Amino acid sequence: MQENILQLKNISKSFDGEMVLEELSLDIKRNEFVTLLGPSGCGKTTTLRIIGGFATPDSGQVIMEGKDITLLPTEQRCVNTVFQKYALFPHMSIEENIAFGLRIKKKDEAYIKEKVRYALELVNLMGFEKRKPHSLSGGQQQRIAIARAIVNEPKILLLDEPLGALDLKLRQDMQKELIRLKKELGITFIYVTHDQEEALTMSDKIVVMNQGYIQQIGSPEDIYNEPQNAFVADFIGDANLLAATMLKDELVSINDTRFTCVDKGFGTNKPVDVVIRPEDVEIMERGKGIFPAIVSSILFKGVHYEIIANGIGIQWMIHTTVYYEIGSKIDLYIKPFNIQIMHKPESEDEAVNHEE
Amino acid sequence: MKRKYIALPYLIWMTAFIVLPLVFVAYYAFTTKAGGFTLSNVFAIFDSLHIKATILSLGLSLSCTVLCLLVAFPLALVLRRIHLNHKGLIIIILILPMWMNSILRILALQMILSKNGILNMILEWLHLAPVEIINTPAAIILGMVYDYLPYMILPIYNSVMDIDQDLIDASSDLGARFGYRLRHVILPLSKPGIISGITMVFIPCLTSFVIPDILGGGKIQLLGNVIEQEFITSMNWNLGAGLSFALLIFVIIGLIFTQKHETKYKESRVW
């Protein structure tokens with residue numbers, strides 16, 4: 001059990017009477033890459049701003065290495081932030097930008113020079129010292145922003161959608177860069193994004209948030225394969241999200257068709273939500289699957305085809321590498337362990353409050 | 001390019017009311033009454049009589065500019081932090097005087113500051129000693145500040161409001177306390193507004209003659225008053241034009257100086 005570097009305890013925050021975070025608690029371990037993932041307005045950025053000291057919670061505590069830092073001003077915290085829009089000082093050179101924090105700490109110039117050189121090397125922008133921020137591309141500016149943060153050797157690096165403004169290819173390159181940086185530096189990263197793919201690629205731990213509540217905390221695999229509720233299932237990746245009835249342990253009925261599954265302990269004849277990933281729906285010849293279906297549309301998506309097929313009164317989304325004509329009569333099959341059963345929320349409030 | 005012709009009215013306007021008058025000023029400045037060429041009108045600014053007015057003009061304008069700056073910049077910082085709804089109202093109140101005639105306002109100020117004026121009435125009522133501020137350089141500075149403060153506030157307010165909050169957050173994130181943030185981030189980023197404000201206050205102050213006339217009681221001669229007298233009272237257009245021309249050179253030097261400090265990291269010019 002690694003020690004917690006940061007703990008959020010029952011954090012609540014509202015803006016203009018509107019609740020943004022409600023009783024949020026979260027533990028972050030040393031050296032973890034934690035991603036706060038959720039749609040806009042879910043409270044992920046507010047959480048990050050509270051950790052960075054840019055916002056004060058209405059109630060609750062921020063504990064860093066055992067010390068309460070809830071009211072500690074930003075400039076005294078051992079965290080540094082990489083902002084979404086880079087926030088490089090336009091009137092300073094790259095060297096001055098990176099050295100900003102070190103000059104405040106009154107480090108000697110030789111040390112600063114060495115640090116700046118090291119940081120530029122780390123982000124692959126050697127020789128940019130004398131340039132001005134506006135002469136750099138977006139991706140380069142973001143690397144400088146990262147360099148400016150890490151020279152201060154923060155215990156935690158906060159990243160607020162740092163790749164949001166970059167195009168796809170650059171974003172993918174930067175994702176790899178960030179993973180590499182994280183490994184080389186050995187510091188805790190707290191990363192905010194609304195991009196589920198980014199979260200799945202980079203994180204050790206994903207915190208899925210919605211409407212100010214934590215929906216699920218887990219490894220990328222857990223979050224993807226075993227979403228705890230319909231929101232998580234729907235937000236992470238494509239999903240066939242279905243209402244169903246749990247007949248008994250390991251047997252679920254979807255639209256009166258029975259499927260064997262592996263989940264237990266939901267009781268008998270209980271209404272549940274079921275999530276089945278499109279790549280887990282297998283197409284078979286007529287008579288060989290669980291139920292018949294007819295292909296109603298097919299889209300080429302690059303790596304796979306996305307097929308919509310109608311069967312047992314449901315539109316199934318299927319990912320497959322095999323082409324099927326529209327109108328093809330097929331059977332569908334789903335392996336028991338690919339059927340993920342989730343509790344149905346009992347009330348509107350519980351729909352978003354699934355923290356245990 | 002037919003669109004060029006749209007600019008024609010302005011071209012005529014500029015020629016008739018800006019370029020031609022300047023040409024006339026230059027002509028009178030470099031000629032004697034008889035019509036011969038001379039530099040003495042322009043260099044007359046260094047005469048002991050005129051140099052005193054020049055130095056006083058520079059001194060008072062500088063004081064006024066500094067005072068305006070000291071009021072406007074902190075005000076802009078405060079306004080930046082205030083909640084959005086009230087900001088517009090405060091700015092309107094501050095620039096409200098701009099919509100009234102300047103001479104009218106200065107005359108009102110004269111009433112307030114005069115020996116038996118409103119200020120001294122209030123002081124008397126409070127059992128405090130009366131002040132004799134009218135007809136002193138202090139009264140002139142007060143009038144100038146009163147008159148030109150909005151021209152300092154507006155550009156500074158605009159450039160302070162334009163600073164991205166992320167930049168200020170970033171600087172505190174990197175460990176900068178308020179003083180350091182102010183010196184290394186907020187001030188440098190407000191520079192376009194500050195320079196613009198200085199230009200818009202210092203130059204009109206330097207050339208003003210109504211304010212010193214009314215609040216100085218005609219006893220304090222600024223360069224503007226000297227020029228006015230040469231034209232109106234002495235009817236010596238050549239000397240008046242020469243002094244104006246010398247003043248114009250001061251102004252141009254000032255503009256070049258401020259311009260040089262600008263455009264360091266932004267392409268846009270202030271004015």
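Visitor: Which residues form the nonpolar patch on the surface?
Guide: B:W13, B:M14, B:F17, B:I18, B:V19, B:L20, B:L22, B:V23, B:F24, B:L248, B:I252 and B:I256 form it. Together they have about 1100 Å² of accessible area. That area comes from the Shrake-Rupley method with a 1.4 Å probe; for residues, only the protein chains shown count as cover. This is a predicted model: local features need pLDDT of at least 70, side-chain atom pairs count only at pLDDT 80 or more, and totals for chains, interfaces and linings use all residues. Side-chain values use heavy atoms, without hydrogens and water; residues are numbered from 1 along each chain as its sequence is written, and chains are lettered from A, ligands numbered from 1, in the order in which they are written.

Visitor: Which helix gives the most to the patch?
Guide: α1(B), with nine residues. Both α1 (8–29) and α12 (237–261) of chain B supply at least two residues each. Helices (H or I, at least four residues) and strands (E, at least two) are DSSP runs, numbered from the N terminus.

Visitor: And where is B:V19 found?
Guide: In helix α1 of chain B. B:V19 is partly exposed, because its relative accessible area is 42% and that class lies between buried (under 20%) and exposed (over 50%), with a 1.4 Å probe and protein chains only.

Visitor: New topic: chain A. How many helices and strands does it have?
Guide: Chain A has nine helices and 20 strands. Of its 356 residues, 53% count as buried.

Visitor: What is the strand order in the open sheet of six strands?
Guide: β6-β7-β8-β3-β9-β10 of chain A, with mixed pairing. Two strands pair if DSSP finds at least two bridges between them. β6 (79–82) and β10 (213–218) of chain A are the edge strands, each pairing on one side only.

Visitor: In what sense do β3 and β9 of chain A pair?
Guide: Parallel, over four bridges, with β3 at residues 33–37 and β9 at residues 205–210. In β9(A), A:I206 is the bridge partner of A:T35.

Key. Patches are made of residues with over 30% relative accessible area and no salt bridge: like charges are joined within 9 Å, nonpolar side chains (Val, Leu, Ile, Met, Phe, Trp, Tyr) within 5 Å. A salt bridge is a side-chain nitrogen of Lys or Arg within 4 Å of a carboxyl oxygen of Asp or Glu.
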